[in-house]
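Here are my notes for your first look at this one. Have the structure open while you read, and take the points in order.

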Amino acid sequence: MAFSLFKKSEKKEESHSGPHYYALKVKNIVHETKDAISIVFEQPVSGKIAYRSGQFLTLIVPIQGKDVRRAYSLCSSPFVDSDLVVSVKRVDNGLMSNWLPDNLKAGSTLKVMEPMGQFTTDYQKERKRHLIMFAGGSGITPMMSLIKSLLTQEPDSIVSLIYCNRNIESIIFKEELTRLETKYEGRLHVIQVLDEAPMNWQGYSGLLNHEMLTKLFERIPNWGMEKSTYLMCGPEGMMKNVETLLDQHHIPKENIFKESFVSPTIAKEQKKETTPAAENKAREVTIRYDGHEYKVLVQPNRAILETALDAGIDLPYSCQSGLCTACRGKALSGKVKLDEEEGLSQSERDEGYVLTCVGHPLTDDVVIEIG
Ligand SMILES: Cc1cc2nc3c(=O)[nH]c(=O)nc-3n(C[C@H](O)[C@H](O)[C@H](O)COP(=O)(O)OP(=O)(O)OC[C@H]3O[C@@H](n4cnc5c(N)ncnc54)[C@H](O)[C@@H]3O)c2cc1C
Ligand code: FES
């Protein structure tokens, strides 16, 4: 579930037109660890792609005869890096996360959708704040971008990063973090926690529990722990654990923000478990997109987007988890139930916006306009 670090009043209004697509040239592939690569994209000559730290790119790759889409957080900072960079960690049996390191070469061109996502913040030179981050594995990617931007854009703000990994070999950006810690001494504190630590390990190891977190909190600057901002990104289990621990440390929920890397595969499985009885009827939905009108029969347990894609309708989408709003449309009539609402602001929901990837029709008169 994505949370915005923007206060509601300062949240930028997104344009209501459909997403933009780009063909980006791969400048370089960096082998970060045994199972993680960074893909460095050249900015297009036609004009730089603007983005905010913490946002993600959607990569669209034809694999096994089908266009597969996956979201990858940008680890580059728009203030520091001239190129766009995403890092991809292999997932066991994962389609895209294995295809990319096995097939992508410098010079290749990839289709991507414009940067999206709400796990982001603005920066103000005079602001003084403490961001406390928890990252697990590939969850370091949006943090890297946020760290670089904060350190350069807010000279009085500081960051503490608690970074959990299986072992020393799997730490992505190990050297870069050390370099940044030295360069911004006293403003960036990195604490590494490993599941399996080698004999000479100077950091922490073992399960992140209440006792360990108390010790870790003693090692980072205390600017008022309840007033600090907490960010987390990593495996679902780790994030649930950290949320529980922060609750035990009386950290107010409104100061905690998280980014989920839930894959479409996982999201689909979760959706099946949570489908309410009210949706137990196939219903026709009218979709208006790009000057066309389509009618699809949405079966119980199936989302509107999924049904439309299966019918060959080329609708915009990315995460398929209710996180990125790429599939957003406005319900002109009828009622739509969303499995996941966090991607939309309250005002968007009040205006009738829905996310087709997690949307199920509750009435027979649903008409959705996209774009
Ligand atoms: C907003 C957002 C940002 C993301 N940023 C990054 C990023 O910066 N770097 C990165 O490496 N990934 C990132 N991801 C995850 C990425 O989009 C893919 O989901 C991931 O690479 C797996 O895709 P796949 O096609 O290889 O796996 P799939 O073929 O979709 O899944 C194959 C199997 O792996 C399991 N699985 C899928 N994803 C995960 C996971 N994340 N952890 C554990 N098991 C999983 C599935 O249950 C399934 O059994 C992000 C996801 C989102 C929603
Ligand atoms: S595809 Fe991302 S919210 Fe629907």
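1. Start with the largest nonpolar core, which has 32 residues. Met 133, Ile 140, Leu 161 and Leu 177 are the ones with the most contacts inside it. By nonpolar core I mean a set of buried Ala, Val, Leu, Ile, Met, Phe, Trp, Tyr and Cys residues joined through side-chain atoms within 4.5 Å. Buried is under 20% relative accessible area, exposed is over 50%, and partly exposed is in between (1.4 Å probe, protein chains only).

2. Which elements build this core? At least two residues each come from β2 (36-41), β7 (130-136), α2 (140-153), β8 (158-165), α3 (174-183), β9 (188-194) and β11 (229-233). The largest share, seven residues, is supplied by α2. Domain 1 (10-116) and domain 2 (130-259) both contribute residues, so the core lies between them. The element names follow DSSP runs numbered from the N terminus, with helices being H or I of at least four residues and strands E of at least two. The domain bounds come from an automatic or database domain assignment.

3. A word on what you're looking at: this is a predicted model, where local features need pLDDT of at least 70, side-chain atom pairs count only at pLDDT 80 or more, and totals for chains, interfaces and linings use all residues. Residues are numbered from 1 along each chain as its sequence is written, chains are lettered from A and ligands numbered from 1 in the order in which they are written, and side-chain values use heavy atoms, with hydrogens and water left out.

4. Now zoom in on Leu 177. Not counting residues up to four places away in sequence, Leu 177 touches Ile 140, Met 144, Ile 147, Leu 161, Tyr 163, Ile 172, Leu 188 and Val 190. Contact here means heavy atoms within 4.5 Å.

5. Next, the ligand. There are 25 residues around ligand 1, and Arg 70, Ala 71, Tyr 72, Ser 97 and Thr 141 come nearest; a residue is near when one of its heavy atoms lies within 4 Å. In the shell around ligand 1, β4 (66-73), β5 (84-89), α1 (95-103) and α6 (264-274) each supply at least two residues. The largest share, four residues, belongs to β4.

6. Which backbone atoms sit by the ligand's polar atoms? A polar backbone atom of Ser 87 is 2.9 Å from a nitrogen atom of ligand 1. For Lys 89, a polar backbone atom is 2.9 Å from an oxygen atom of the ligand, and a backbone N or O atom of Met 96 is 2.8 Å from an oxygen atom of ligand 1. Taken alone, ligand 1 exposes 920 Å², and the protein buries 81% of that. Areas are from the Shrake-Rupley method with a 1.4 Å probe; for residues, only the protein chains shown count as cover.

7. Have a look at Thr 58, in strand β3 (residues 56-63). Thr 58 is buried, at 0% relative accessible area. Its side chain makes a polar contact with the side chain of Ser 318, at 2.4 Å. A polar contact is a pair of N or O atoms within 3.5 Å; within protein, one must be able to donate a hydrogen and the other to accept it, and residues adjacent in sequence count only if both atoms are side-chain atoms. Leaving aside neighbours within four places in sequence, the contacts of Thr 58 include Arg 70 and Ala 71.

8. Ser 149 lies in helix α2 and is also buried, with a relative accessible area of 0%. From Ser 149 to Val 80 is 69 residues in sequence and 7.1 Å in space, C-alpha to C-alpha.

9. Phe 173, between β8 and α3, has a positive phi of about 65° although it is not a glycine. Asp 290, in the loop between β13 (283-289) and β14 (292-298), has phi near 55°, again positive in a residue other than glycine. Buried or exposed? Phe 173 counts as buried at 6% relative accessibility, while Asp 290 counts as exposed at 61%.

10. Finally, the whole chain. It has eight helices and 19 strands, and 54% of its 371 residues count as buried.
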